[in-house]
Each structure stands twice: as C-alpha cells, then as structure tokens.
Amino acid sequence: MRSIGVFCGANAGTNPMYSESAARLGELMAEQGIKLVYGGGNVGLMGVIADAVLAAGGTGIGVIPQSLVDREVAHRGLQELVVVETMHERKAIMAARSDAFIAMPGGFGTFDEICEIITWNQLGIIKKPVAFYNINGYWDKFFEMIDHTVSEGFVKGDQRENLIIESDAVVLLERIRAYADATSDYWVDFKRI
C-alpha cells in the first residue's frame, strides 16, 4: 500500500472530533509510509489531514482544479500539487495514483467522488479497496441507504460487503491492507419483466 486517495470536506464540520480524527489518520499514514493523494486544498478536513501528513514527515500529493487555485485554497506546502482544468480530470488522476480510497466526512463533493470510485469498482474499471472513516457515526445513514438499495434489488450484496467501514484509524488501515476483492462480475440482473 503505497498511496491512499482521501476524499473529505473542504469544511471542518461542527464537531472537533472530525479534525482530531483526520489529523490522527494523517499521522498514521505518514508513519506507515503511505502517501496522501487528495484534493489539494488547504481548508477544512483537507487541510487538516495534509498538514498532519506533512508534520509527521509524510508525502502529500494534491490534485486541484485551476478554479480552486484561483480562489487561493490550494495547499502550497505539498511535495506535489497537480493543477488540472476539470473535476473529471482531478478524479481520474486521483484514481490512477491511489492504491486504495478513504472517504472521511464531507459534503456533496465527497459523496460524488467516493460514489464514482465505488461505481468504477463495480464496473471493473478499477479493483481497489474503498473504505469509509466513520468518525462519530458520520457514514451510518449513508450505509442505511446502501443497505436499502441492496434489499430493493438495485445493488448486489457482495458489492455492499466489499465496502470497508471503520471508526478506528488503526483498524481502518489494517483492513485496507488485508482487503481481498470478493465481488462477482455479475452486477446486472439480466432477467426481464
């Protein structure tokens, strides 16, 4: 495990636990020699995890659209800052440069990014671990929705079981390292009504 793509909020959230946990994950990644690949921001949880990785002697790689650089939210202390034109380019580069993915708390951008990665795994475009850092139960409702999609027949159970959800950063990284893809290639139900 050389690098992990982390999707998270450009805001820090209302509970200090989010920032504390983001910093802890960043420290652990640096200690374990795992490069951070993330959205390149210096604000919110993005800034917190990047600062923690750097402070612990780790490597941070940011991928950020020019429009956000223009708004002065780019992290200038990273070892590498890749500036792109579109969000689509950002996600493609992050996917290519990451061995696994973690979604921390965040908003619409985080939902978009992690759902696209889950979909790429489902379609076989990539086969990489997808994990959710469930700080303060943040992802509980999201997983209730995913479980609902399984019970209603829109997502296969093995696709759901393939997702890692964990509230402890140490265990989260251990589970990512131990990941073994257990999904079938049959994500479509070919039965016709």
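**Exercise 1. Find where E72 sits, and say whether E72 is buried or exposed.**

Start with the place: E72 is in the loop between α3 (66–70) and β4. Helices (H or I, at least four residues) and strands (E, at least two) are DSSP runs, numbered from the N terminus. Next, the accessibility: at 68%, E72 counts as exposed. The cut-offs are under 20% relative accessible area for buried, over 50% for exposed, and partly exposed in between (1.4 Å probe, protein chains only). Last, look at the backbone: E72 is not a glycine, yet its phi is positive, about 65°.

Before going on, keep in mind that this is a predicted model, where local features need pLDDT of at least 70, side-chain atom pairs count only at pLDDT 80 or more, and totals for chains, interfaces and linings use all residues. Residues are numbered from 1 along each chain as its sequence is written, and side-chain values use heavy atoms, with hydrogens and water left out.

**Exercise 2. Work out the strand order of the open sheet, and which strands stand at the edges.**

Go strand by strand: the 7 strands run β4-β3-β2-β1-β5-β6-β7, with parallel pairing. Two strands pair if DSSP finds at least two bridges between them. Now the ends: β4 (80–84) and β7 are the edge strands, each with a single partner, so one side of each has no neighbour in the sheet. From one strand to the next, the twist averages 20°. Then zoom in on one pair: β1 and β5 are parallel over 4 bridges. Within that pair, V6 has I102 in β5 as its bridge partner.

**Exercise 3. List the buried residues of helix α8 and explain why they are on the same side.**

In α8 (residues 169–177), the buried residues are A169, L172, L173 and I176. They span an arc of only 95° around the axis, which puts them on the same side of α8; the arc is that of the directions from the helix axis to the C-beta atoms. Their cover includes β1 (3–7), α1 (16–31), β5 (100–103), β6 (130–133) and β7 (164–166).

Not counting residues up to four places away in sequence, L172 touches L25, I102, A131, F132, Y133, I164 and E166. Contact here means heavy atoms within 4.5 Å.

Now check the helix end: D168 caps the N-terminal end of α8, with a side-chain oxygen 2.9 Å from the backbone nitrogen of V170.

**Exercise 4. Find the side chain that K91 makes a polar contact with.**

K91 is in helix α4 (residues 87–97) and is buried, at 7% relative accessible area. Its side chain makes a polar contact with that of E116 (2.5 Å). Such a contact is a pair of N or O atoms within 3.5 Å; within protein, one must be able to donate a hydrogen and the other to accept it, and residues adjacent in sequence count only if both atoms are side-chain atoms.

Note on methods:
Axes are lines fitted to C-alpha atoms, for helices over the stretch in contact, and angles run from 0 to 180 degrees between N-to-C directions.
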